[in-house]
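Biologist: Hi! Could you walk me through this model, a piece at a time?
Modeller: Happy to, let's open it up.

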Amino acid sequence: MVDESLCRLDALELSRVLHRREASCRDAMRAYLARIGRLNPRFNAIVSLRDEATLLAEADRCDAELARGDSRGWMHGFPQAIKDLAPTRGLRTTFGSPLFRDFVPEADGLVVERIRAAGGIVIGKTNTPEWGLGSHTYNPVHGTTLNAYDPTRSCGGSSGGTAVALALGMLPVADGSDMGGSLRNPAAWNNVFGLRPSRGRVPMWPAEDAFFQQLGIEGPMARTVPDLAAMLRTLAGPDPRAPLALDADPAQFDASLESDCGDWRDVRVAWLADLGGHLATEPGVLALCESALRDVSGLGCVVEPAALGFDHERVWRAFMTLRAMGFAGRFEPIRSDPARWALLKPEAQWEVEQGSRVTALDVYRASAERTAWYHHVRGLLERFDVLALPVAQCFPFDASITWPREVGGRSMDSYHRWMEVVTGATMAGLPAISVPAGFDARGLPMGLQLVGRPNGELALLRLARAYELASRWVQRRPPPATLTGETA
């Protein structure tokens, strides 16, 4: 039986173990493949898994390089599965769509380039909803990914396969992407950390439109905050193919996350809760987040309830307009072909139909609303250092349904309205991290969303690290599946 103990190491510790040659890259590959073989058939997080013999041969090459004193980077020899929305050279990339069931890209996306450059060995993909639409990971190509804590429940999305693979120890660290909470929601629902970086921090390529599409962004997910920072450093940094990328050295994320953690008395946190009743919220969500905020207060931070002072319906409508514009443009060739159009899920068709009715004036007004929102939030962040909200408005729901039609006694008017709470950070282009907030009486996880100042990832990571050390939810409550069948 293969020893899976390497899978329980934090990513940074795994890196140290491999570089000190206390274990081989082959050992790590065998351990992760064994764990995937044991757990993945039930949870379906990793798809398009590559041949074991080929992967072991790649791990052997990594071992030979270390024997010569050569290292590709901190991820040297790491088994890595890439979210199935990112093009991956020579490996089937389906976008969860039957239209791309057999698509094999000839080139990597930028995040994949950077993961390989850091030493990662691509073993497969992580499952995602069709086209990444909706925060519930199911599609007609690969099926449904199930929650790491309750396999009858949704794992969230669209980085759902990523979160489940991390929570179950099938990956050491991972990439994902986020337009409307796709890094944050699945992290919350699987008790791991997910960071949506500032707009432009992690450039996205390929991109048909490199100027107007600024809602979606790629970023890291991890089981610890130091691992999250290390992955952010790997993914971040300018690239000439991305004209709106931030021109900032990602080496800043090498800085200690604990050097300033001794005194948080000057840090003010605004608890925005359900935005004064605007958000429909399942009972128990706010109470669990408030419990997590008591741990934040315990660090010395000043946590106080705050009014948003802005009609969030304006933010939501602007988000919907800009989102619909992008999908209408992207899917127009499919819309004009009835046979291909019929292969899109209803929610995707709805998005495109919404976008087809958007005018240039609508887009201008939505962008102006977004600008007004940014300046309003910037003003809030002059009074406060961090804004806190729930990551989701409900707990993980039944995996057999497509999306919750009702939350907190209110009907949802779209397939993603129940995720409205995450759109504020998206629209402001601000960094937002999902940190574990604990569990309800059923054992279902929830996350607390911490939103930082513009380009303020480092300060946000430091606060998240202090909170992690105070709460230790990931270590205290591993998924039930990892508690049985372990090998020493």
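**Helices and their neighbours**

Modeller: Let's start with a pair of helices, H9 and H12, which are oblique to each other. Keep in mind that this is a predicted model.

Biologist: Okay, at what angle do H9 and H12 pack, and how far apart are their axes?

Modeller: Helix H9 covers residues 312-335 and helix H12 covers residues 360-383. They pack at an angle of about 135°, and their axes are 9 Å apart.

Biologist: I'd like to zoom in on arginine 370. Is arginine 370 buried or exposed?

Modeller: Arginine 370, which is found in helix H12, is buried, because its relative accessible area is 13% and the cut-off for buried is under 20%.

Biologist: What is arginine 370 in contact with, leaving aside neighbours within four places in sequence?

Modeller: With those neighbours left aside, arginine 370 is in contact with Gln214, Leu215, Leu322, Thr426, Met427 and Gly429. Leu322 is also one of the H9 residues in the contact with H12. For another distance, arginine 370 and phenylalanine 319 are 51 residues apart in sequence and 8.0 Å apart in space, C-alpha to C-alpha.

Biologist: What about glycine 379, where is its place?

Modeller: Glycine 379 is in helix H12 too. With a relative accessible area of 27%, glycine 379 is partly exposed.

Biologist: New topic: H7. Why is H7 described as largely enclosed by the rest of the structure?

Modeller: Helix H7 spans residues 225-235, and ten of its eleven residues are buried, so the rest of the structure largely encloses it. The buried ones are Val225, Pro226, Asp227, Leu228, Ala229, Ala230, Met231, Leu232, Thr234 and Leu235.

Biologist: What happens at the start of H7, and what comes just after H7?

Modeller: At the start of H7, a side-chain oxygen of threonine 224 reaches to within 3.1 Å of the backbone nitrogen of aspartate 227. Just after H7, glycine 237 takes a positive phi of about 120°.

Biologist: How do H7 and H14 pack?

Modeller: H7 and helix H14 (residues 457-471) pack at an angle of about 160°, with axes 9 Å apart. The two helices are therefore roughly antiparallel to each other. Val225, Pro226, Leu228, Ala229 and Leu232 of H7 make the contact with Glu457, Leu461, Ala464, Arg465 and Glu468 of H14. Those residues divide into seven nonpolar, no polar and three charged.

Biologist: Let's go to H4. Which residues of H4 are buried, and what do they pack against?

Modeller: In helix H4, residues 110-117, Leu110, Val111, Val112, Arg114 and Ile115 are buried. The buried residues of H4 pack against strands E2, E3, E6 and E8, and against H7. After H4 comes glycine 119, whose phi is positive, near 110°.

Biologist: You mentioned E3. Where does lysine 125 lie, and is lysine 125 buried or exposed?

Modeller: Lysine 125 lies in strand E3, residues 121-126. Lysine 125 counts as buried because its relative accessibility is 0%. Its side chain makes a polar contact with the side chain of aspartate 84, at 3.2 Å.

Biologist: What does valine 47 touch, not counting residues up to four places away in sequence?

Modeller: Valine 47 touches Asp84, Gly124, Lys125, Thr126, Asn127 and His142 on that count. Valine 47 is in strand E1, residues 46-47, and at 5% relative accessibility it counts as buried.

Biologist: Last one: which side chain does the side chain of glutamate 58 make a polar contact with?

Modeller: That partner is the side chain of arginine 50, at 2.6 Å. Glutamate 58 lies in helix H3, residues 52-67, and is buried, with a relative accessible area of 18%. Not counting residues up to four places away in sequence, glutamate 58 touches Arg50 and Ile121.

How values were computed
Residues are numbered from 1 along each chain as its sequence is written. This is a predicted model: local features need pLDDT of at least 70, side-chain atom pairs count only at pLDDT 80 or more; totals for chains, interfaces and linings use all residues. Side-chain values use heavy atoms; hydrogens and water are left out. Helices (H or I, at least four residues) and strands (E, at least two) are DSSP runs, numbered from the N terminus. Buried means under 20% relative accessible area, exposed over 50%, partly exposed in between (1.4 Å probe, protein chains only). A polar contact is a pair of N or O atoms within 3.5 Å; within protein, one must be able to donate a hydrogen and the other to accept it, and residues adjacent in sequence count only if both atoms are side-chain atoms. Axes are lines fitted to C-alpha atoms, for helices over the stretch in contact, and angles run from 0 to 180 degrees between N-to-C directions. Angles under 35 degrees count as roughly parallel, over 145 as roughly antiparallel, 65 to 115 as roughly perpendicular and the rest as oblique. Contact means heavy atoms within 4.5 Å. Ala, Val, Leu, Ile, Met, Phe, Trp, Tyr, Cys and Pro count as nonpolar, Asp, Glu, Lys and Arg as charged, and the others, Gly among them, as polar.
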